[in-house]
Structures are given as structure tokens and as C-alpha cells.
Amino acid sequence: MMAGPKIQIQGVARSFDVSGRSMPALAEVDLDVAEREFVCLLGPSGCGKSTLLNIVAGFLAPSSGTVRVDGHAVNGPAPERGVVFQEYALFPWLTVTGNVEFGPTLRGRPAAERRQTVARYLDLVGLRAHAEKYPAQLSGGMKQRVAIARALANDPAIILMDEPFGALDAQTRETLQDELSRIQRVEHKTILFVTHSIREAVYLADRVVVMTSVPGRIKQIFPIKLPEVRDRFAPGFTQYESDITRVVKEEVAKVHE
Amino acid sequence: MASFVSNVSTLVESGLRGPALGRRRTFTLRIGAILFFLALWSLLSGLVVALHLFNPIFLPGPWLVIGALTEMAAKGQLWIHVAATLQRVAIGFGTGAALGVALGLAAGYLAPVRNVVEPLVEMLRPIPPLAMLPMFIVWVGIGEASKIGFITYATFFPIFLTTVTGVRQIDPLLLRAARSLGARGLPLFTRVILPAALPDILTGLRLGVALAFFVIVISEFIGAEHGLGYLINDGRNFFLVPQMLGAAIVLGLLGWIGSALVRSLGRRYARGQQTA
Amino acid sequence: MKTVATRTAALVAALLAWAAFTAVNARVGFVNPVLLPTPAEVGRVTLDLLRSGELARHFFTSLVRIAEGFGLAALAALGLGLLVSLCVPLRLMVEPVIEFVRPIPPLAFLPMFLVWFGLGEASKVAFIGYTTFFPMFIAVAASVLRVDVVLLRAAASLGASRADLVRRVILPAALPGIIVALRLGIGLALFVIVGAEFMGADAGLGNLIMEGRVFFNPAQIVMGALVLGLLGSLINTLLLAAERRLLGARVAS
């Protein structure tokens, strides 16, 4: 079926200009993400994982290196790469429906088709009953579910998620992880997911990419050989958690030096 | 869509403000913009003369304005008028501020005071202060007193209102904590209430200064023989447009300095606190 | 806190206080009673002017001036405010100039407008336009510039083109701020119309107030001031209601 990897990150580095000086955020990163793979980027605060995601999304240009999707170089945002943000980024002047059908509206899809699409994805995230509400009337967890529905409704091949559950309380967070896992089993997207929760990464990912502290580089990659539906308390799961924790702790110690 | 609008890449990278420029580049850009503006102004007034568009008296070039100002400054006239304006602003604002802060603190802290004062303030608030200027003239005549009284009246309201807000918004938890540490009466007032209300009071003062300069002009149009407002209006009689523009610019400068002074006061006495 | 009931109670209380104070003064005479008109006297002047149609004439003259001046300024502020915010080099050029002109009180230019446009309607409308333009322009630009970059990113990754971003994200996102800008403008217009009508006007509420001074009729001054206050409150209430209708859904319920 698929010849090469879906996403190819080659030699990507990025520095920022801070009052005249060039601060490197990301040092050379090489990573391939296969189609339908769920890859988590994990690392201490400020290690550049969000920067890397923004570069793949096309919001930032790399200082060096390229990102290719299906062999074509990325040079800006595009609907093939949907994004889910930590701050939800829902359009406050639109209802839930308005938000979810934003992508199809831009592409000029007919109203009947849009209605179907919205219904399908609101059902998927379990928010059909709130279709006519405004974002201001929703809880954090609900907002993020709308954001996910909005990204999915545009039918992207790739979804990029930047600490999407970071602003939520622990309970809601786990619920949404379960939901995301379930959605992925249905939709089979290629997902690149940034987090600083080891537990979250082991729960969701096919591979966990641990990054070093700034300037970020890939420290180690952990393939997660666990069943599709995961048990957070199974011995296999906790083993991965402790292995990864050990590696991450080395990097966290460096940040606090 | 025209090509000068930022493209998608810039918009998604840094939003509508665009990428941050270095300090030096911003500085040179600002100077450049002002010089360009002066050049454009000169060009326009020059064109008016060259093409006989209308009587050039209506759009004097910047050099004429500067010339008029320097002439007045050299002859000493300018300073008399500046002093007259500043004196009225200073006394008016000072009185308005003193009354506003004093009454505001009282009204903010003591409910009975509030219940007496607030109805009056509520009634007077929607009325533009300028509408009361003739009233002051009727009451105290056309001289200094009416001008200063009017400035006092105008500046009183924003200062009073922000002071009341400043006191009312103090976290009751803070007061409870202070009382449990033994603070009572005057020390509670000077060491807790006043500092906590200070940022809002300073905002009110800044508004008051701006308002004072805003309204002084018009009170100097009527029945004055000195002052920047007088200079501006007097210029009408003989179409002395450079004088009118020059005096306006000086007024703007003074107002700016006044606001800057209050702001620096804020930095000295309300450091670290959230200033509106 | 400030419910309609509390405010009305406060106003009634103020009215009573005024009546009481001026009645006492009329009896005892601290001050020449002419200088402190009672509510009754003010009421009488109001009725006289209403009956003769004069009040209506002056009222609408002022209103038309405000509407025309503000209307022109609002259109200009919206158009130019948007333009400047969308074009970074233009904004960088314009900003320093605005900073330079901003501190100069608009009323300082009133005589200039009288010189340029004469004593007729044009000068009043132009002056109101000038006064309201700059603050509205600045506020419109500020609210456009404040649009959160994350919203732009979200839309772009959903396939938005540049035109889409402007039409479907930037404008709706800036709308609340734009409405605040308009409210600011109208408030300012109401503030300065009086001043503009003090000089070289033969009609208008400001003129009416000035007349009260010239003909030593303080009751007329008070009446004019109160009518202005009423007009301002009315316009403010209308605008707040309109704002709530347009934006109500966005704010957390």
C-alpha cells in the first residue's frame, strides 16, 4: 500500500531571535512517522516539542532542514494537517455546529452534506445534544471535544495535537484520553501528539519519542508494544512508564541545573 | 486582495502585529515616519502655494509654525501664556484631585458618606462637564475663578469615581488579614487601604490630568487675555494660523508631560501593583 | 450593584436634595436665588421652550451634527483602522504620527475649524468628525491587532486562505472591540458638541446653554445641561442594548 513514511522530518532545527541573540530551541531532529501511526513527543518544558509540532503544522518555518508529507515539502498550514490546540482555539462567535463545519464551509460543501458531517462527528465525540451552544457555554473538556470534532470534520490525513488535554483536570483528562483512543480506532489518522505526561504518552502512543532539554533533540524512541485497548494498571504498562520516567528524569535534572 | 496585506505565513507565525523588530529598527522607523509626515505636510502646503489651490494662509508649512513659536518664545510672550495655562490647570487639577481623592476615600470606606454623595454624582455624571462652564461664568464671572472652578469640577468626577472603585475593590480578605495583625483606624488606613487603592487612584489622576488639558482650552476661549487657548482663539482674528497650530502643539506637549509625570509617580509609589 | 432601581432611587434622591437646597436658598438667600434655579423654574423654562418648538429645533440641530460628524468619522475609522492593521509597513509608518497628534486636545483645533470652514454647519460637523476619528481609529486598529494568533492558526489549518482569514476570522474576532470603539466615539461626540456650539453657532443645545449665560438665565443653562445628560444616557442605553444583542451569545452565560 503505502511506500514511504507519511511524515518525514529531516534535519529540522529552529532558533529564535531574542533581543538580538539567536537562541536555539530545536537542534537537529530526524523522525519518520508512518501512516496511521500515533507518535507522542515527550519531554521537559521548553524542550522544543511544541516548536517541532508548529513546524510540522506549517505555522513556523524551520531554521534548517525540511518536513515532508507524502514526499511533498511543507511550506505552510494546509487542511491535510489538522491541528488541535491546548487553548482549544474555538471561534467564539460561532456555535458548536458553526465551528465543526468551518472547514467544509471554506471548501464550499453544500449545506446538506455539511449537516451530515457535523452530525457524524458530534456523535463521535458525544456532543450532539450541544450542537447549538456557543463555546462560552461549554466546559473545558467539551470545548476540546468540539475542537477534535472540528479537526476531524475536515477529513485530514494527519492530526497534530499540542498538549490538548493540558488545561483539563485529571479526571476529564483521562476521559478524553479514552475517547481519543476510541476515536483513533475508528478513524485511523496519522497523529503526532505533544505531551509532558508520561502516563498519557504510554496510554495513547504506538511510539514515544523522548526529547532532550533545550536545545531539543531526540534522546530515545520507545516503541510501545501493548494491545490497542490499554489498561493503565497492567504490569506491561507500568513497566514502560518506569523505563521512560528514568530517561526523562535525566533530562529534567538538566533543566533545573 | 491587495498584495500589501500580510500573507498567511506571516499571519500564522506572529499574528497581525507582524514579527517583532529590533529596538534600533523600530526607533529608526519611528523617526523616519515622523520625518516623512513633516515632508508630506511641507509638500502639501508648498503645492497649495504653487498651484494657487486656496489661500495659503489656511495651510502653513511646518517651518512657519516653528517660526511662529520660536518668535513668540524669543519675545517672551509664549512663556506668559504657557504660565497662565499651567497655573489654571495646576490649581484646578490640584483642587479637583484633592477633593476627589478625599471624598472618594471617605465615600469608598464609609457607607453613610457614599449614600449622600452618590446620588449627586449619579445625576451630574451623564452631563458633559463643558455644559457647566457657562454656569461657572454666571456664578463667579468671567475671570480666573470661573476657569479654575470649572477645571476643578471637571477633574473631580473621574478622580472621585476611580478612588471609590479603588477602595471598594479591596479584597476583604486583605482587610481581615490586616486587622488580625492588629491594624486599626489610621494605621489601617494609611498602611493598607491607601496603598491598595493607589493604582486605581493613579489611573483617575491620569484621566484627570488629560481631562484638565482637554477642557482648559475652551475655558480660555471665553474671557481670557492670557493662555494657550487664548492664543489659539485670538489667532482667528487675523488668520494667524501658524500661531494657532503652534499653541495647539505646545498644549499637546504639556498634556503629554503631565500624563507622563503621573505615570512616573505610579512607578515610584505603586511599583509591582497592577495599574490599569 | 448598580441596578436600575438603585440608580433611579439615587436620581430621585438627588432631585429632592436639589429642590430642598434651592428652596431653602430662595427663602434665606445665601446666594442670589437667580443663580440657583429650583427644579420648578427649570421645568418652566423647559415647557416654554418645548411649546415654542425651540427646544426641538436646538435638540435636533445638535443631534444631526453629532450624527453626521460621528457617522463620517466612524466610516473612516473602520476603513482606515482595518487597512492599517492588515498592512504592517503602513501601520509602522502611521503609528508614530498618531502618537504625535494624539496628545493635542481636539478642542484646541476648534478655532482652526472655524477658520477653515467658517461659522456654518460644516465646521461643526468637521470638528466632531475630527475629534471622534482618532480615538475610534486607534481603538479599531487595536482590536484588530489583538486577534489571537491561535485563532488564525486554527483557521489556516482548516484550509483558510488570506481572504478567508480576514472575512471569517479577523473581522468577527475584532467585532466586540470595534463596537466598543464606536461607543467611545459617540461618547466623545456628545462630550465636545457643547463646546463646539459655544462658539459661532446660532442653534444647538450648546448654543442654548451659552444663551442662558448671555441673557443671565441660569435656569436655561441647567435645562440645556440636563437635556444633554438625558440624550447621552439614552444613546448609551441604546448602544448597550444593541451591543448585547449583537454579541450576547459570545459572552459566558
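In chain A, strands β9(A) and β10(A) form a hairpin with six residues between them; helices (H or I, at least four residues) and strands (E, at least two) are DSSP runs, numbered from the N terminus. The model is predicted: local features require pLDDT of at least 70 and side-chain atom pairs count only at pLDDT 80 or more, whereas totals for chains, interfaces and linings use all residues. Residues are numbered from 1 along each chain as its sequence is written, and chains are lettered from A and ligands numbered from 1 in the order in which they are written.

Strand β9 (residues 207-211) and strand β10 (residues 218-223) of chain A are antiparallel and share five bridges, pairing being assigned if DSSP finds at least two bridges between two strands.

Another open sheet of chain A comprises four strands, ordered β2-β1-β4-β5 and paired antiparallel. Its edge strands are β2 (21-33) and β5 (72-73) of chain A, each of which pairs on one side only. Strand β1 (residues 7-18) of chain A is joined to the antiparallel β2(A) by nine bridges, and Val12(A) has Val29(A) in β2(A) as its bridge partner. Helix α1 (residues 49-57) of chain A lies across β1, β2 and β4 (64-69) of that chain, at about 115 degrees to β1(A).

In chain B, helix α3 (residues 62-75) has 14 residues and reaches 20 Å from its first C-alpha to its last, close to the 20 Å expected at 1.5 Å a residue; the expected span is 1.5 Å times one less than the number of residues. Val65(B), Ala68(B) and Met72(B) are the buried residues of α3(B). They line one face of the helix, because they fall within an arc of 65 degrees when seen down the axis of α3(B), the arc being that of the directions from the helix axis to the C-beta atoms. A residue is buried if 20 or more other C-beta atoms lie within 10 Å of its own, exposed if 12 or fewer, and partly exposed in between, with C-beta atoms placed from the backbone. Cover for the buried residues of α3(B) includes α4 (77-109) and α11 (241-269) of chain B. The exposed residues Thr70(B) and Ala74(B) are carried on the face turned away from the buried side. Gly76(B) follows α3(B) and has a positive phi, near 85 degrees.

Asn233(B) lies in helix α10 (residues 228-237) of chain B. This residue is buried, because 23 other C-beta atoms lie within 10 Å. Leaving aside neighbours within four places in sequence, Asn233(B) is in contact with Phe221(B) and Pro111(C), contact being defined by C-beta atoms, placed from the backbone, that lie within 7 Å. The C-alpha atoms of Asn233(B) and Ala247(B) are 9.9 Å apart, with a separation of 14 residues in sequence.

The contact between chains B and C takes 54 residues from chain B and 57 residues from chain C. Several helices of chain B each supply at least two residues of the side that touches chain C, among them α2 (23-50), α9 (185-221) and α10. The largest share, eight residues, comes from α11(B). By class, the side of chain B that touches chain C has 40 nonpolar, nine polar and five charged residues; Ala, Val, Leu, Ile, Met, Phe, Trp, Tyr, Cys and Pro count as nonpolar, Asp, Glu, Lys and Arg as charged, and the others, Gly among them, as polar.

In chain C, the axes of helix α3 (residues 54-86) and helix α4 (residues 88-101) come within 5 Å and cross at roughly 115 degrees. Leu83(C), Val84(C) and Ser85(C) of α3(C) make this contact with Leu90(C), Arg91(C) and Val94(C) of α4(C). The residues of the contact comprise four nonpolar, one polar and one charged.

Definitions and conventions:
Two residues are in contact if their C-beta atoms, placed from the backbone, lie within 7 Å. Axes are lines fitted to C-alpha atoms, for helices over the stretch in contact, and angles run from 0 to 180 degrees between N-to-C directions.
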